[in-house]
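Subject: The structure you asked about

Hi there,

Here is the structure for you to open alongside this message. Have a look around first, and then read on for what turned up in it.

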Amino acid sequence: LDLIKNVEVQAIIGPTTSMQANFVIELGEKAQVPIISFSASSPSLTSIRSPFFFRATQNDSTQVNAISALVQDFGWREAVPIYIDNEYGQGVIPYLTDALQAVDARVPYRSVISPSATDDQIVSELYKLMTMQTRVFIVHMFPSLGARVFAKAKEIGMVSEGYVWIMTDGLTAEFFSSPNASVTNTMQGALGLTPYVPRTKDLETFRIRWKRKFQQDNPDIVDAELNIFGLRAYDAATALALAVEKAGTANLGFQKANVSSNSSTDLATLGVSLNGPNLVQALSNITFKGLTGEYLFDNGQLQSSAFQIINVNGNGGREIGFWTSTKGIVKTLNSTNSMTAYSGSNSDLSTVIWPGDTTSVPKGWEIPTNGKKLRIGVPVKDGFNEFVRVTRDPSSNNTTFTGYCIDVFDAVVNALPYALPYEYIPFAKPDGEPAGTYNDLIYQVYLKNFDAVVGDTTIVFNRSQYVDFTLPYTESGVSMIVPIVDNNSKNAWVFLRPLTWDLWVTSFCFFIFIGFVIWVLEHRINEDFRGPASHQAGTSIWFSFSTMVFAQRETVVSNFSRAVVIIWCFVVLILTQSYTASLTSLLTVQQLRPTVTDVNELIKKGEYVGYRGGSFVQGILLDQLLFDKSKLIVYNTTEQWDDLLSKGSGNGGIAAAFDEVPFTRLFLSKYCSKYAVIDPTFKTGGFGF
């Protein structure tokens with residue numbers, strides 16, 4: 001107020017904090033005096049939209065994409081921001097949350113620390129974070145408070161293996177411009193972001209000049225370094241000087257405010273700078289190469305640049321890579337400021353040494369110390385233990401849960417990118433017997449007695465009306481299993497079965513007929529077919545039958561006879577080969593057929609059928625297939641299932657069994673030679689949690 005009202009300054013460089021800037025910007029706009037801040041980085045200042053405010057530093061919102069890129073590349077799915085409870089801290093949080101959500105990372109909790117927090121309050125908040133499962137923390141606060149937070153985190157063991165700490169540029173720039181061993185020792189393994197400043201000859205010359213001047217003015221301070229805010233302050237002064245030269249100094253006065261004598265407030269008596277609008281116009285158009293790079297204002301905002309990624313090791317920071325808005329995370333930047341393309345994974349960074357002095361990437365979560373466990377109900381049953389088996393040790397009173405369904409669930413939980421504490425609880429009575437059917441078990445989720453059910457539970461419509469299911473992890477369907485019998489009865493006369501009786505008689509007649517034809521064509525000219533009548537008849541028949549094994553000794557002379565023999569030998573070859581193949585099949589291959597092929601046949605004959613105890617299959621048999629309830633028999637194990645089918649419906653057993661595909665496959669893996677699956681298969685949803 002004094003500078004504007006009494007000194008009538010033409011511009012103000014500062015203020016240093018976002019809270020101060022928020023107030024001073026209003027003064028500058030009222031007096032039309034440009035306000036240039038090289039350190040007020042809160043995104044909330046952008047919403048003021050004052051033409052007289054110039055942010056000569058990076059908006060904090062420009063670094064949130066770099067932070068989210070780190071979270072994404074290392075595969076972390078949750079992150080907790082720890083920020084100071086003021087405008088500087090709160091301004092960036094909405095942008096940070098949006099950036100993390102864009103890469104499928106959630107913010108389960110926000111840790112807010114007061115600027116005036118005591119050490120006990122800081123420790124209390126850190127202990128609260130320790131009880132949660134997330135181990136990725138993003139720290140955004142003033143350096144003075146940040147140093148205290150890291151010191152307490154180190155003290156209680158939170159800067160150790162498994163933890164991830166990411167610092168925003170405000171902390172990183174301050175800590176590593178003038179490294180302090182006592183501070184950096186508390187943040188070993190942390191990652192930090194700082195705006196990238198190209199190393200140029202002008203920058204090095206300036207640093208030497210500044211250091212010489214600083215040593216003259218402050219001989220007691222050794223090894224002082226200028227941080228990014230000092231460089232930006234110098235560039236801001238340069239930009240203002242160039243703007244003043246461009247706008248000119250012809251009209252530097254103030255127009256006094258017309259106020260009544262009763263108005264005694266300082267704000268009411270502020271004048272208006274006559275040169276302010278010209279200076280604003282000049283600043284908006286100024287462009288030059290500053291110490292921090294190309295300098296240009298766009299709507300009063302300094303254009304964003306690349307960020308350097310720092311890994312805290314030893315007494316300082318180690319450069320491990322860069323982030324740019326166009327290429328994401330890269331390992332190096334070339335001299336023209338364009339990026340070397342990489343694959344976009346965490347291999348684009350140099351090796352990171354994490355808290356605990358390890359190079360293994362933290363998974364980003366741990367099982368919380370106070371986490372509530374999911375109560376997961378598990379069915380208890382007598383058979384089919386390959387899917388679910390619940391075993392209780394009477395001596396130790398411990399219960400173990402095994403089986404395919406348990407293995408699948410455990411594997412899925414282990415693959416999750418976050419902790420999921422849970423405990424299996426058997427759905428059983430105090431004596432260990434099942435407490436109800438599968439429907440009863442699933443209904444316990446609706447009653448909130450269980451949080452979930454894991455087991456061989458099938459997805460069906462009526463259950464989906466009051467619980468939600470995961471995607472199925474087995475094949476679906478209900479099939480019918482029936483016994484099979486061998487059609488082939490192997491006895492002494494089995495050699496006659498390859499040919500039908502008609503074919504046997506026809507073949508025999510043709511043998512006689514061929515013998516007669518050969519005799520007619522040969523007996524007048526061939527000595528082998530002459531002699532007494534009995535000799536001629538025997539020779540002809542013998543010749544015909546001997547062709548079956550191509551063992552005929554008699555020669556044929558007539559060409560007509562030879563033609564007949566050729567055709568007959570071909571016919572005999574086909575006949576003998578077909579007979580041999582059929583007989584071999586009858587003697588070696590089982591001719592199996594199911595005893596029942598149609599469900600309606602079972603109903604019509606009043607046959608008994610079976611189903612697994614507690615299964616929803618009973619509803620299909622009664623409501624869809626319309627079986628009589630008195631014709632249904634329950635089994636609980638594969639052995640009972642086999643015994644009932646072996647007895648048959650007329651001997652206290654069953655003619656067929658209905659069960660789900662996973663159970664029928666398990667059953668057939670034991671008894672595949674005795675039973676078969678009969679279509680149709682009734683579709684269901686498969687097993688689901």
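Let me start with a question: which strands does helix α3 lie across, and at about what angle does α3 run to β8? Helix α3 (residues 64–73) lies across β6 (136–140), β8, β14, β15 (316–324) and β16, and its angle to β8 is about 145°. Another helix, α6 (residues 143–155), also packs on the sheet, where it touches β4 (80–84), β5, β6 and β7 (164–167). The direction of α6 makes about 175° with that of β7. Please keep in mind throughout that this is a predicted model.

Now to the sheet itself. It is an open sheet of eight strands with mixed pairing, in the order β5-β4-β6-β7-β8-β14-β15-β16. At its edges stand β5 (111–113) and β16 (328–330); each has a single partner strand, so one side of each is left without a neighbour in the sheet. From one strand to the next, the twist averages 25°. Within the sheet, β8 (residues 191–195) and β14 (residues 307–313) run antiparallel and are joined by five bridges.

Strands β24 (residues 609–612) and β25 (residues 632–635) pair in the parallel sense over four bridges, with Tyr-611 opposite Val-634 in β25. Together with helix α19 (residues 617–624), β24 and β25 make a right-handed β-α-β unit.

There is also a helix pair to look at. Helix α10 (residues 228–247) packs against helix α11 (residues 276–285) at an angle of about 120°, and their axes are 8 Å apart. That angle makes α10 oblique to α11, and the crossing is right-handed. Residues making the contact include Leu-240 and Val-244 of α10, and Leu-279 and Leu-283 of α11. By class, the contact has eight nonpolar, two polar and one charged residues.

Finally, two backbone details. Most residues other than glycine have a negative phi, and most peptide bonds are trans. Glu-8, in the loop between α1 (2–7) and β1, has a positive phi, near 55°. The peptide bond from Gly-14 to Pro-15 is cis, with omega near -10°; Pro-15 is found in the loop between β1 (12–13) and α2 (18–31).

Happy browsing, and do write back with any questions!

Best wishes

How values were computed: Residues numbered from 1 in each chain as written. Predicted model: local features only at pLDDT ≥ 70, side-chain atom pairs only at ≥ 80, totals over all residues. Heavy atoms only, no water. Axes fitted to C-alpha atoms, helices over the stretch in contact; angles between N-to-C directions. Helix = DSSP H or I, 4+ residues; strand = E, 2+ residues; numbered from the N terminus. Parallel < 35°, antiparallel > 145°, perpendicular 65-115°, else oblique. Left-handed = near helix turned anticlockwise from the far one by under 90°. Contact = heavy atoms within 4.5 Å. Nonpolar A, V, L, I, M, F, W, Y, C, P; charged D, E, K, R; others polar. Pairing = 2+ DSSP bridges. Right-handed = clockwise from strand over helix to strand, strands pointing away.
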